[in-house]
Amino acid sequence: MSTTTPTVAPLTTQDAEVLITEARRAAEAADVTVSVTVLDAGGHLLAFRRDDRAVLISGETSTRKAYTALQLNAPTADLVDLVKPDGPFHTLPTALDRPLLFIAGGVPVHRDGRLIGAIGVGGGAPDQDHGFATAAVEALA
């Protein structure tokens, strides 16, 4: 008897728009300007939005946070302590072609228990960015 893995719908551009809208809504409620990046399960850019008032580097920051959350399938807020000196991931941030960023604000996106993408938010304080990204993922669910 063969078993097959059930198909899980991928992250769509419509999903990405929901994630961006909800993250921006949460940021605006806190009077914070942000950049938001959404990646699909393969790490490809699905959607990006930078508020005109956000600092330019926030775009790169949001993308690297999303990439880190996707590669490690964990919120970046949960990984910060792992890259401190003598931590288990101490050398990991620079070991890959695309550097990881261990600052809160990246959150993986799951559907039916399977990883389908990630969102990264940059522009606020790390804890704020994490809250904005988490609010967006919860709104998608």
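A word on the ground rules. Numbering starts from 1 along each chain as its sequence is written, and side-chain values use heavy atoms, without hydrogens or water. In this predicted model, local features need pLDDT of at least 70 and side-chain atom pairs count only at pLDDT 80 or more, while totals for chains, interfaces and linings use all residues. Helices (H or I, at least four residues) and strands (E, at least two) are DSSP runs, numbered from the N terminus.

Start with α1. This helix runs over residues 13-29, 17 residues in total. From first C-alpha to last, α1 reaches 24 Å, close to the 24 Å expected at 1.5 Å a residue. That expected span is 1.5 Å times one less than the number of residues.

Which residues of α1 are buried? Asp15, Ala16, Leu19, Ile20, Ala23, Arg24 and Ala27 are. Buried means under 20% relative accessible area, exposed over 50%, partly exposed in between (1.4 Å probe, protein chains only). These residues lie on the same side of α1, because they cover an arc of only 160° around the axis. The arc is taken from the directions from the helix axis to the C-beta atoms. On the face turned away sit the exposed Gln14 and Ala29.

After α1 comes Asp31, with a positive phi near 60°.

Now β1. Of its 6 residues, 5 are buried. β1 pairs with β2 in the antiparallel sense over 5 bridges; pairing needs at least two DSSP bridges. Val36 stands opposite Arg49 in β2. β1 also pairs with β4, antiparallel, over 6 bridges. There, Thr37 has Gly120 as its bridge partner.
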